[in-house]
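Subject: Handing over the two-chain model

Hello,

Please find the structure below, followed by a summary of what was found in it. Keep it open beside you as you read, and look up each residue as it comes.

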Amino acid sequence: MKDFFKHNGLWILFATAVVAVALAVLSVFSATSSPLVNALHTVAAPFRSAYTAVTGWLEDKQNYYADNKALKEELEDLQRQLAQMEQTVRQAESALEENAFLRDLLDLRQQRRDLSDFETAAVTEHPVTNWTSSLTLNKGTDHGVEVGDCVIDGNGNLVGLIQAAGSNWSTVLTVVDTDTSLGAKVFRTGDLGVAAGDFSLMGENCLRLNYLPSDAQLLSGDLVVTSGLGGYLPPDLVIGSIREIRTDASGAASYAVVEPAVDFSQLTEVCIIRSFEIVT
Amino acid sequence: MLARNETLFKWLLYTLGALLWVLVQTALLQRVTLWGVIPFCYPLIAAIPATYEGPSAAMVFALCVGVFCDLLLPAPLPCFYTLIFPAVGLCACLIARNLLPAGFLCSLAASAAAFFLTDLFQCLLLWGRGKAAWGAGAWVLCREFLLTAPLIIPMTLLFRGVYRRTHADD
């Protein structure tokens with residue numbers, strides 16, 4: 001190597017000077033770029049494009065994965081928000097229902113001063129056998145509920161009577177159950193009778209109004225309310241309306257088929273009347 | 001002849017099976033209303049295990065189911081199911097011993113008898129209180145049995161499994 005530079009150094013130096021001068025002269029006389037620079041860049045351009053394309057593709061991929069991850073996180077976040085909103089909507093619906101029920105109750109309380117002591121309760125179970133019509137409530141003796149207490153809906157329609165009560169539960173026999181029997185009155189005529197459940201009518205969700213006066217002039221649609229006689233139940237709670245008048249099997253007496261004002265299958269909230277004042 | 005601990009184990013399994021069906025009834029079946037009735041599997045719980053056992057065991061098991069039902073369900077008498085379910089158990093056992101060998105067909109017959117006896121007792125009590133409803137009662141019996149009958153298959157499989165598991169050496 002030492003010998004190479006010793007013998008050829010001068011020539012190399014000379015050639016370098018010539019090339020440098022040539023490049024300088026070419027760059028002076030060229031308006032855009034020197035031919036050598038141009039040639040080099042022309043050769044390098046496709047490689048540069050390929051390199052740019054590859055890096056661009058890699059960046060795209062990287063962005064895709066980054067975006068995908070971000071979108072997944074965003075989706076999870078949105079799903080969480082949606083679930084929370086759905087829960088809020090459900091709670092709001094429930095609150096709306098309860099609100100409507102309590103508004104009805106407030107109206108009832110203002111209309112019926114004699115019904116002083118209420119306890120609201122939720123229906124936790126609908127009929128459990130095919131031979132009884134009962135409801136299970138979430139309030140019991142801990143809340144002052146007693147056997148025989150009257151149960152109404154928010155509009156003051158009679159649901160039934162408490163048949164059994166435990167510490168935090170109670171069972172209501174509805175007005176259509178065969179064990180239910182109440183003093184009743186036809187609101188329009190004032191005729192008195194006994195509203196009682198009948199198994200043949202229980203399937204149709206109806207009850208009987210028995211022991212009607214022989215001269216009773218009843219019409220379909222007449223309102224039947226509690227008579228309040230004896231002081232066991234508050235008076236004028238709506239039991240239902242008369243659907244039709246029938247004659248019993250003996251043919252000697254007639255009875256009315258009463259359709260309850262309450263749809264038991266749709267009941268979710270009720271009100272237990274723990275005590276009431278007897279208005280004379 | 002089973003040893004004492006095997007007998008206890010067998011009745012423990014029968015009880016667990018029965019409780020499983022009570023859970024199914026309360027959590028699911030009584031929320032299903034079809035033809036105006038709900039499926040009612042308690043008579044089946046009293047009858048089907050009885051088809052695999054002797055009369056005394058069948059009656060005692062059915063009596064326990066009856067007591068449980070009286071504590072759980074509203075009825076015209078406080079001891080309604082306690083009174084009728086031993087008869088249901090005995091009837092199921094007699095069917096299995098004298099008419100049909102224990103199995104699906106026997107369970108079907110025993111279940112039909114169980115519903116017949118239970119609902120007949122209901123009708124008799126209504127009649128006794130002057131509220132006779134024989135026609136409506138028979139109609140409820142038919143619908144209730146038809147709706148509950150499909151449950152006989154899984155229930156028979158369960159209790160037959162218990163019987164075979166505990167009588168593997170017989």
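For the complex, the predictor gives an ipTM of 0.80 and a pTM of 0.68. Where pLDDT is low, the predicted coordinates should not be read in detail.

This is a predicted model, in which local features need pLDDT of at least 70 and side-chain atom pairs count only at pLDDT 80 or more, while totals for chains, interfaces and linings use all residues. Residues are numbered from 1 along each chain as its sequence is written, and chains are lettered from A and ligands numbered from 1 in the order in which they are written.

Chain B

Chain B has 7 helices and 0 strands, where helices (H or I, at least four residues) and strands (E, at least two) are DSSP runs numbered from the N terminus. Along the sequence, the pattern of chain B therefore reads α-α-α-α-α-α-α. Of the 170 residues in chain B, 42% are buried; a residue is buried if 20 or more other C-beta atoms lie within 10 Å of its own, exposed if 12 or fewer, and partly exposed in between, with C-beta atoms placed from the backbone. Two residues are in contact if their C-beta atoms, placed in that way from the backbone, lie within 7 Å, and among the contacts in chain B between residues at least 6 apart in sequence, 66% join residues at least 24 apart.

Helix α3 of chain B (residues 55-72) has 18 residues and reaches 25 Å from its first C-alpha to its last, close to the 26 Å expected at 1.5 Å a residue, the expected span being 1.5 Å times one less than the number of residues. The buried residues of α3(B) include Ala58(B), Phe61(B), Val65(B) and Phe68(B), and the buried residues of this helix pack against α1 (4-27), α2 (42-47) and α4 (80-99) of chain B.

Leu158(B) is found in helix α7 (residues 152-166) of chain B. Is Leu158(B) buried or partly exposed? Leu158(B) counts as partly exposed, because 19 other C-beta atoms lie within 10 Å. Although Leu158(B) and Ala18(B) are 140 residues apart in sequence, they are 9.5 Å apart in space, C-alpha to C-alpha.

Where the chains meet

The contact takes 16 residues from chain B and 14 residues from chain A. On the side of chain B that touches chain A, α5 (104-128) and α6 (134-148) each supply at least two residues, and the largest share, 4 residues, comes from α6(B). The residues of that side divide into 10 nonpolar, 4 polar and 2 charged, where Ala, Val, Leu, Ile, Met, Phe, Trp, Tyr, Cys and Pro count as nonpolar, Asp, Glu, Lys and Arg as charged, and the others, Gly among them, as polar.

The nonpolar cores

A nonpolar core is a set of buried Ala, Val, Leu, Ile, Met, Phe, Trp, Tyr and Cys residues joined through C-beta atoms within 7 Å. The largest has 49 residues, of which Val151(A), Ile152(A), Ala195(A) and Ile239(A) touch the most other members. Its largest share, 5 residues, comes from strand β4 (residues 158-165) of chain A. A second, separate core of 48 residues includes Ala18(B), Ile45(B), Val88(B) and Phe115(B).

Strands and loops of chain A

Two strands pair if DSSP finds at least two bridges between them. Strand β7 (residues 192-196) of chain A is joined to β8(A) by 3 bridges, and these two run antiparallel, with Val194(A) opposite Asn210(A) in β8(A). Strand β8 (residues 207-210) of chain A also pairs with strand β11 (residues 254-260) of chain A in the antiparallel sense, over 3 bridges, and here Leu209(A) stands opposite Ala256(A). Strand β10 (residues 238-247) of chain A and β11(A) pair in the antiparallel sense over 7 bridges, where Ile242(A) has Val258(A) as its bridge partner.

Asn205(A), in the loop between α3 (199-202) and β8 of chain A, has a positive phi near 60 degrees, in a residue other than glycine. Asn205(A) is partly exposed, because 18 other C-beta atoms lie within 10 Å.

Best wishes
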